[in-house]
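Colleague: Hi! Could you walk me through this one? I'm still new to reading structures.

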Amino acid sequence: MKKLFAAVAGLAVMALTTPAFAHFQMIYTPEAAMNKGGKIPLALVFTHPFDAGHTMDMGKPEQFFVVRTRGENAPKKTDLLPTLKPMNWTSLTNSGAAWETTYSARGGDHIFCLIPDPYWEEGDGFYIKQNTKVIVNVGGEPGAWMEPVGLPTEIVPMAKPYDRWTGQVFQGKVLFNGKPVSNAEIEVEYLNHEPLLDKKAFAKEGKATAPQDAFVLQTIFADDNGVFTFGIPKAGWWGFAALDLDPDYTHKGKKCSRDAVIWLKAVDMK
Amino acid sequence: MRFTGSKGTGSKYDPQETVLVNQRRKCMTIYRASLMFGILILGLIFAPVSMAHTPLCSCYDNGDGTITCEGGFSDGSSASGVELRVESTDGKVLIKGKMSEDSEYTFDKPSDAYKVLFDAGEGHMVEVDGKEITE
């Protein structure tokens with residue numbers, strides 16, 4: 001009995017430890033709020049951002065597009081999938097297949113949306129599919145950043161994810177097929193190692209040190225209306241991943257966690 | 001608000017009515033002063049509203065001899081119909097037009113130095129130097 005207890009406890013510890021290595025789909029570009037338009041680089045990397053740890057191999061994404069909105073103009077959708085070029089991204093522990101492109105941004109909101117190829121996670125025995133959104137604004141003229149794009153799983157920001165000062169709160173609404181997901185579980189992680197686009201690698205030095213694993217990956221829950229709130233303690237990019245929003249979803253006959261990811265970039269008030 | 005209350009309690013049965021009337025007069029002065037102060041505050045409140053409506057204009061070189069200027073406001077409202085002028089550096093108007101339904105205006109790039117003026121009325125003007133317009 002004691003042995004069984006120890007085994008169960010051991011498994012429980014493992015189960016609790018595993019989420020510390022959370023997966024985050026990134027659509028990385030250095031700036032979320034730009035003063036002037038121009039060409040911006042985009043890197044699609046599936047990784048563990050706080051530790052700059054194990055970077056997973058991405059397959060060819062199902063969809064990658066941008067929705068541009070400016071003022072009261074009608075949204076314009078542009079397919080970016082044909083522009084993607086494969087690359088290898090180097091983490092602190094390995095390197096993984098990733099994608100890159102450049103995009104010419106003019107004024108307004110540019111909502112980048114990625115529907116990736118499901119990733120088989122051997123360790124967990126299920127697929128992961130993180131539909132990801134990043135919003136870049138040029139010139140300060142807002143567009144439809146607060147509107148759902150219509151992804152199957154989506155986090156809709158309730159504040160501009162590109163105008164947050166450090167210390168402000170950020171709220172988002174978790175949607176599955178356009179409907180709020182009450183009490184959705186959300187993992188939050190800080191992009192602690194700066195992505196060096198010229199080297200296609202993370203910087204070795206992190207910006208923050210976690211005193212304990214719970215700080216690496218923070219878990220929060222949405223309320224009954226699918227709304228979550230997070231206070232931003234440090235400048236930089238923060239990722240939010242709402243997990244398993246469609247519990248019955250499968251891919252190739254196996255369980256697939258259908259997640260929704262959004263990133264924000266906070267700036268120090270100086 | 002407390003002053004309104006004292007008005008109510010200052011009924012004719014009050015033995016200290018004269019005192020109260022004096023107080024009321026004093027109160028009226030304070031009331032007027034606070035009313036004026038209130039108007040001042042209101043003015044201050046409304047001033048930032050117009051600031052929350054900052055005009056924005058960005059221009060891009062389309063690489064085909066034309067320039068497109070996109071206008072708008074920081075609150076996201078449309079700039080459709082707003083006047084746009086292209087002027088030479090000495091202030092001569094070269095091109096004059098209005099922002100389209102999509103709040104943009106495209107014109108042929110002048111051969112000499114120029115500036116773009118997005119004119120949404122007094123205090124709502126944006127000037128863009130032609131030298132700073134790139135692709």
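Colleague: What is the mean pLDDT of chain B?

Modeller: Good place to start, as this is a predicted model. Chain B has a mean pLDDT of 77, and 61% of its residues reach 70 or more.

Colleague: Where in chain B does the pLDDT stay under 50?

Modeller: One such stretch is residues 1-15 of chain B, which has eleven contacts beyond four places in sequence in the model. Residues 17-21 of chain B are also below 50, and that stretch has four contacts beyond near neighbours in sequence.

Colleague: And which scores does the model get as a whole?

Modeller: Its ipTM is 0.77 and its pTM is 0.82.

Colleague: OK, new topic: the sheet in chain B. In what order do the strands come?

Modeller: The order is β1-β2-β5 in chain B, and these three strands make an open sheet with antiparallel pairing. At the edges sit β1 (55-61) and β5 (104-108) of chain B, each pairing on one side only. From one strand to the next, the twist averages 20°.

Colleague: How many bridges are there between β2 and β5 of chain B?

Modeller: Five, in the antiparallel sense, with β2 of chain B covering residues 66-73.

Colleague: Nice, I'll look for that! Now the chain contact: how many residues does each chain bring?

Modeller: Chain A gives 13 residues and chain B gives twelve residues.

Colleague: What classes are they on the chain A side?

Modeller: The side of chain A that touches chain B has seven polar residues, five charged and one nonpolar.

Definitions and conventions. Residues are numbered from 1 along each chain as its sequence is written. Chains are lettered from A and ligands numbered from 1 in the order in which they are written. This is a predicted model: local features need pLDDT of at least 70, side-chain atom pairs count only at pLDDT 80 or more; totals for chains, interfaces and linings use all residues. Two strands pair if DSSP finds at least two bridges between them. Helices (H or I, at least four residues) and strands (E, at least two) are DSSP runs, numbered from the N terminus. Axes are lines fitted to C-alpha atoms, for helices over the stretch in contact, and angles run from 0 to 180 degrees between N-to-C directions. Two residues are in contact if their C-beta atoms, placed from the backbone, lie within 7 Å. Ala, Val, Leu, Ile, Met, Phe, Trp, Tyr, Cys and Pro count as nonpolar, Asp, Glu, Lys and Arg as charged, and the others, Gly among them, as polar. pLDDT is the predictor's confidence in each residue, from 0 to 100.
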